[in-house]
Every structure is written in C-alpha cells, then in structure tokens.
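Here is a friendly note to read beside the model. Take the points in order and look for each named residue as you go.

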Amino acid sequence: MAVNIRKLAYFLTGLFVVLIIYLFYLNLWQGPVLANHPYNKRAAAQEAMVQRGTISDCHGVVLAKTITQRGLKKRIYPQGEDFAPLIGFISLRYGHTGLESVYNQELLGISTVSKLKNFINRLTHRPLAGNSLILTLDASLQHLARQLLNNQRGAIVALDPRTGAILALASAPGYDPNTIDKAVNLGTGKKITEFDLLKKDPTAPFLNRATQGVYPPGSAFKIITLAGALTYAPEAVQGTYNCTGSTMVEGFRLTDHSVHGEVYFQQALAVSCNAYFARLGLALGQNKFYQNALSFGFNQNPGEGDKLWQDIYSPGKVTLPGQMSKPELASSAIGQGQITVSPLQMALATAGIANAGVIMKPYLLSEVRSPNGGTLGKNAPKRWKTATTPLVAGLVNGAMQAVVEYGTGQAAAVPGLKVAGKTGSAQNPQGKTHAWFVGFAPAESPRVVVAVVIEQKGTGGVVAAPIAREMLRAALSNR
Amino acid sequence: MWFIARLKERTLLLIASAYFLTGAGTIYLTRPGDNKGLFLTGAGVLILALFALSYMWQRLDFNGNQYLLPLAAIFSYTSLIFLYRLDQAYALRQFIWLLAGLAIVAFITCFLRNYNFLADYKYIYAVLGIIGLVLPIFWGTEQGGAKSWLDLGFFHIQTSEFVKILLVLFLASFLTENRLILAKGTRNFYGFTIPGPQEWGPLVLMWAISLLLLIFQKDLGGALIFFSTFLAMVYVATARIFYTISGASLFLIGTAFCYRYFEHIRWRIKVWLNPWPYADTAGYQVLQSLFALSAGGLTGTGLGNGFPNFIPAVHTDFIFAAITEEIGLLGGIGIIILYFLFLYSGFQVAVKTKDEFASLLASGLTALIGIQTFVIIAGVTKLLPLTGITLPFISYGGSSLGANFIILGLLLVVSQEYPERSRSG
C-alpha cells in the first residue's frame, strides 16, 4: 500500500505544482492587463485615499486642485479651458490624460521616493497627501495665448531661450476639463457625455497641437537652412543672387510670389525668397542638410529619460539623406516637401538662434513640493544641443531682425523693442496655408522665444505675426 | 532525555509565533481601531495555548508527528491575521473556534490514543454520514448558494464538513476488510477482471450520494471533494486505476447531466469559461478575485494595504485571494508550499504506520485536505470552475475549522511511534 500512497502523493504534488505555475502566469503575465482593466476598482480606490497634489504656475496661480465636496473628492481646474489639453483631466471613467497622467505618481505621492514616507504616515494614521507641482508656465501669458488663438485651430509656444523654461503652451480648440464626465442630452435618447462628444469632434480638441501637432514649417524653416549654409557652405551665402521669380530643380519648378531681383542673404530672408533658399539647400547637399536639421533637434526627443517629453512631444521629422531627391532637398530647404514640425520643435530651433547657438533642454516642471511645502526636487536648466556657432547664430539673428524691420514680418514689430522673427505660410493639401511666425525679443539679448501656428488661415505675416507681437509684448512686460 | 522530547515541535512553534507576531504587530501599528489591545492579547493566548499543548504531550509521553501542529499553527495564525484585517468580528469568533479546535486535538490525543477501536464502527459512520447529509436537505438553510447548513439556534453548523471525516472513517474500515477482493476482482469482463456487485456496490452508492449532494444541496465543491477523496482511498487500497478512471467518468457523466438540467451548475461552468460578459453579475466574484490575485505583484501590496474587501465572501472561500493580494505571489506560493508540507507529513504518517486501517485513515484524511486545498485555490484563481468550499484551517468558519482540527487530531494519534513496551497494550 505504501507504493499506492506515494503515487497518490505524487499526483497531489503535481496538482500543487500546476497551481503554482498558473499563479505565476496569472500574476506576472496577466497582472498588468488586469491591473488596468476598467472593472478593477483598485487604482481608483487607491487614489480616493490620497489628497491629490495641486498644480500651480510660476507665480503660484492654481491650475488644478482637489477639493472635498460633500465628502467626495473632486478635481477642479480654475483656469477652465486655458490649460487643456496640456494639463489634461482625471476621470473615473476615462482615466488620466496630459500632465495629470505623466506626473500621476508625483501627484499621488506614490513614487518610490515617497514610499517610506507613506508607510510612516500609515503608522501614524495621518491622511495621505500627494505632492504639489510648480510649473514654469505663466497663467496670464497662457490665458493671453488662448485669447489670441480665439478658438482658431492652432498653437502658441513661448519659452525662455536662456533656460528652456516654457512660459506658455497653448493649443486650440480646447475643452473644459471640469465637465468631461458631464452627461450631454442630444435629444436622441442615447446616453453620452462631454467626453464622447469631444472625442468625435473633427477639430480634435484632445490633441495637444503645441507639442504633437504635425505641420509643414513653410518658410519659417528658412532660418535653419540659413544657419546650415552659413556653417557648411559659406561661399553660397556670399554675394548676391538674382531672383527671377522661380527656379528649376531637375524639371521641378519652385515659384516665388514675386520677382525679388538682386538679393543677399539678409534681404532674401526678409522677403522670404524661395529660389534663394532652394539654392542654399542644393549648395548644402543632402548630408549636410540632414546633419544641420539634426543639430537643430529634428528626429530627436529632448526627453531622454524624461517621461514628460517621451509622452507628449513629437519631434520635427526630416527625410534621411539617402532617401532625399534633389527636388525634395530644394523643397525641404524652404520648409515644404516631407519635412514636418510641431510648434514646440520650431520654438526650440528658434531658441537655438536666440541663445547664441545653444538649445536648452525644454522643461515645464520647475519644482515638486511635499504636502508640507518642502522642496522635493527642482529642475535646473540644462543644455540640450549645440545647434550652431555663436557667430552664425548672430548672423541669422541679424537677418531675422531685417524680417521684422522691412520684410514679411513687420506686423510683429513692437515699438521700442528689437524683435527678430520669421514668417511662414505653409502649403498643405487641406486648403489655405498654415500661418507661421517664429521669433524672439529683445533681439540683442533674447529673453522670450515665441512660435505661432494658425491652421489654414492665410499668410504668416498677416495672421501669425500680430499674435506673436502681442505675446512678446506681454511676456517681456511682466518679466 | 525528556527535555529534548518534542524540541523540534517547539522550535517550529517558536518560528510560527514570530511570524504571527510580525503580522499582528503590523496590524497593531497600521490599523486604526479600539480593539487592538484585545487582538494582541488574543494572539498571546493562542501562542501560549499551542505551546501548552506541546508541553502537555511531552509530559504525557505522546510521541506523535512533530510537524503537523506547527503547520496547523501557521495556518491558524494566517487566518487570524487576515480575518482581523478583513473584519474584526470574524477574527474574534474564529479565535474562539480555534481554541475549541485545540481542545478537540487535546481531547483526541489524550483519550483516543488507542484509535484501533475506530475500525469497528463502520456502519455507525455510514448511518451518521447519511443523516448528516440528508438533514440539511429537509431542515437546512441556504448560505452562499449552498443549502448545506443546519440552524441550531445559537449557531449554524455545516454537517457536510463532518460527514467528510465520517466518509474517510467508513472507507478506511470498509476497505481494510474488502481491499483484497476489490483488488483482485472476481469476474472476467472483456479481459478485465472485475469484482462482483457486492464489492462495487459501494462505489456506485458513493456516486449516487455525491450526485444527490450536488442536486439537493447545490454543493458542487462538496460533491467533488467527497468523490475525489473516495477515489483516492479506493486507489490506495486496491492500486487499480480501473476504479479511478471509471469513477472519474461516472462523475463527469453526472456533472454533464447536472449541467443540462440544473441552472446553477450551468452558470458556474459558463462563468468559468468566460466571466467577462457577466462581470457585474455572476462573474463579479471571480473577477474581483483575479484582480486581487494579480494586484500585489511578487511581494504584495503590504498587509492592510490592498483592497481585498472588493471580493464578496472574501473571508471564507476567497481568503486565498486576499492573502495573495497583500503578501504577494511569493506569499501565496508560500502558503501552497506549507500545504504541501502538511500533505508530506500526512502521507509520511500513512506510509510509516504498520496498521492497514491506520494507513488508509491517514492517507484518506491527508488526501481530503490536499484535494480541498487544490479545489478551492484552483476555483478562486479560475483554473477550475468556482466551488464554494473553504481553505483548510485558514477560511473563516466554525464547522470547517472544527472538522480540520479533528483531522489533525486523528493524524496525530495515527502518527504515534509505539515503543515496544506499550505495543502489547
């Protein structure tokens, strides 16, 4: 009988082993799926126990906070639409978006740093509270940007080129993050919420156009081409060029709006001569053109190891040199063709010119504070890329001042202030051109860079330049 | 050498106590509430009671297995820690039942040491068992979907918990007498030697009883455990895989029949195959269990830090999910390994004893614990359809705990190593 008992024991042991293997599978393999399943109430319950941290701007203006209303915790956004979709929203039903999602762990105080502290809080039965975030944004500037956008599709970025601190990052159309869960009655009897409506909205209000918009840069890109030519093909920039109103590249015709006649590089930028810059692109060649775009941050994310930019930033895209034909090279040099950018990418490239050739790493989060107000971490300015030399940056800066003084960007001029800039009117398959303006001021020692894009609203000089002017004026008056 | 007698047992009890005090200490420090002092006092009383039991055995020269009590202690401690964490009222009642359980073990190991007389009452077991099964059908109350409870006024008793033990006792005595006939077979049937109806009759009877349980008490888990234990014991006694296979087929046929004609069985299977469409209704419990099982990762959320109360009936059938959520995959596997060690000790007892009845009794009781553990853990993890049964020694419940401690007591008396001098007596 001992043999039989042993066999029975082996059989039961086998069952237990199966159980253990299955538990491993369930826990490690299925675990992440189950943890994020909408029927799993754990994440929400965990959050409900914690007083979520406040988000405020650089002057202490509250952008998002959690209040308790009739025993229920509620997240409110006092600035309404201004910061959506950048800050995003939290919803039991639709999850977290924007900064609320990126910095969820900090806001709940569940990042590894706070684990020990939370354990001590449990031991002492203190209520759990998350950390507060202080952003580099300026709520008044952001509000102005939203007003200037005036619900037209587009985006505005303002940043400090000396540090990389982002001052405004506005996208339109926006939405009100306070009412995302609200039921909407369309009279059709179907139960839908604000979120459902916004999701179906063809103008894509959830898209953060400032960081994730994909636009052709148009003529605004010419500042990058110019910097490249001054560095790698200086002979092409010397002397003048006679613009006849168009140029042929291997049977492909690039046209200008008018015949510019004899131009040298400052004038060419000021009048935005396509033929001249197509020629500079060809003089650079595919490899140097590509290399120059890379040094201005194209095809790269400034967020190596920074979850924020990994999550919300789409870098500018430039075609690999091996896949670039001559006509494509000429079109790319004037910001058309396959080349695409986000407004933030354009602002960073412009910052490279403004900051004597150095692009600082962009940042939004200036400080994380513990619930009792102590500083847990501060962001210090860091270099990101060396875009060009101070000499070349100075030359491009001068040419950009010419744009505002007597060229296409005169609408951006601010009396008593030297403004440098570049317009763009990017052709796109959807219809009217996207209006671009990138610039900075004061030109002799730039403190603010702006990038403006308004979708399908005409030329940059008419539509975008006045907006940039107001942004520069406001940003410099209260700084 | 009296001072080293049962030293191993007390060393292990000491380790178990350290485990208990760590858990109780964590709860004491992290959970708000007024009864925490009472909890620590209870913990102290239980630890002392277990040491007292070990000391008493030493004084009375009881030389049973030294691993079983420490294992039961760890299970009981786990039970108290988690029940206190889930609901303090359950922990208090479980504490009282635990003390009663220890009293049962003390009683069995003091007065039933010469257990051989147990082999003589097989028909009494059968009659008591049938009464125990039939009573709830007529006078039972329904709890947790199964109608297997008797309302005795001041408390409820689940008779099937005790009938399981009667079944093992009956089979041990019946098979001791008949195992040779059953093993050999008396007739030839298409090349297989099979015994006559007087021998396989009980097998069919058992099948019928299990099925009745299934139908009238809606107790799928109970039926499964009854029948599996029965098959395990028949296999141990006869070594004939024929009984096991034909028995298992009979059970499957029975289940298929029930699937066809009984709604509640059909639901169990449906939810097992795909619980998601019924996530708010019939599938709710097992899905919440899956969420809990996977919430803790490798090391768990920490004691008191998870949300096991999202699972309905977490303190009884689903306590394993709560344990895994809070002490992690490693903790859950640790518990399974402890059950494995319990089985190992139990089968060791069964193999070592020279007496056939004792050997069958020990292997039956051990198999019972093993099968029950597997079926409930497989149920809450959705490896098998969910069946409402308890996790031995850990789940909340007086009937279950009492029955488990009777099993512990019986295993302990069977495990005695008779010194030559008392062998004659």
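**Notes on the two chains**

1. Within E19(A), A:Lys378 is the bridge partner of A:Glu367. Strand E18 (residues 365-369) and strand E19 (residues 375-378) of chain A run antiparallel and are joined by three bridges. Strands here are DSSP runs (E) of at least two residues, helices are runs (H or I) of at least four, and both are numbered from the N terminus. Two strands count as paired if DSSP finds at least two bridges between them. Five residues lie between the strands of this hairpin, and A:Gly373 takes a positive phi near 95° there.

2. Before going further, please keep in mind that this is a predicted model: local features need pLDDT of at least 70, side-chain atom pairs count only at pLDDT 80 or more, and totals for chains, interfaces and linings use all residues. Residues are numbered from 1 along each chain as its sequence is written, chains are lettered from A and ligands numbered from 1 in the order in which they are written, and side-chain values use heavy atoms, with hydrogens and water left out.

3. Now place the hairpin in its sheet. E18 and E19 belong to an open sheet of six strands in chain A, with the order E4-E3-E2-E8-E18-E19 and mixed pairing.

4. Chain A has another open sheet, of five strands, in the order E10-E9-E23-E22-E21 with antiparallel pairing. Strand E10 (166-172) and strand E21 (420-428) of chain A are its edge strands, each pairing on one side only. Strand E9 (residues 154-159) and strand E23 (residues 448-454) of chain A pair in the antiparallel sense over six bridges. To find one of their pairs, look for A:Val157, whose bridge partner in E23(A) is A:Ala451.

5. Next come the charged pairs. A salt bridge is a side-chain nitrogen of Lys or Arg within 4 Å of a carboxyl oxygen of Asp or Glu. Over all chains, the structure holds 17 salt bridges. One of them joins the side chains of A:Arg473 and A:Glu470 (3.0 Å, N to O). Both residues lie in helix H18 (residues 460-477) of chain A, three residues apart, about one turn of the helix.

6. Finally, see where the chains meet. How many residues does each chain bring to the contact? Chain B gives 58 residues and chain A gives 35, where contact means heavy atoms within 4.5 Å. Between them the chains bury about 4,100 Å², 75% of it on carbon and sulfur atoms; buried area is the accessible area (1.4 Å probe) that two parts lose on being put together, summed over both. B:Phe291, B:Phe307 and B:Phe374 supply 15% of the area that chain B buries against chain A, more than any other three residues.

7. One salt bridge is found across this interface. In a salt bridge, the side chain of B:Glu325 meets that of A:Arg42 (2.8 Å, N to O).
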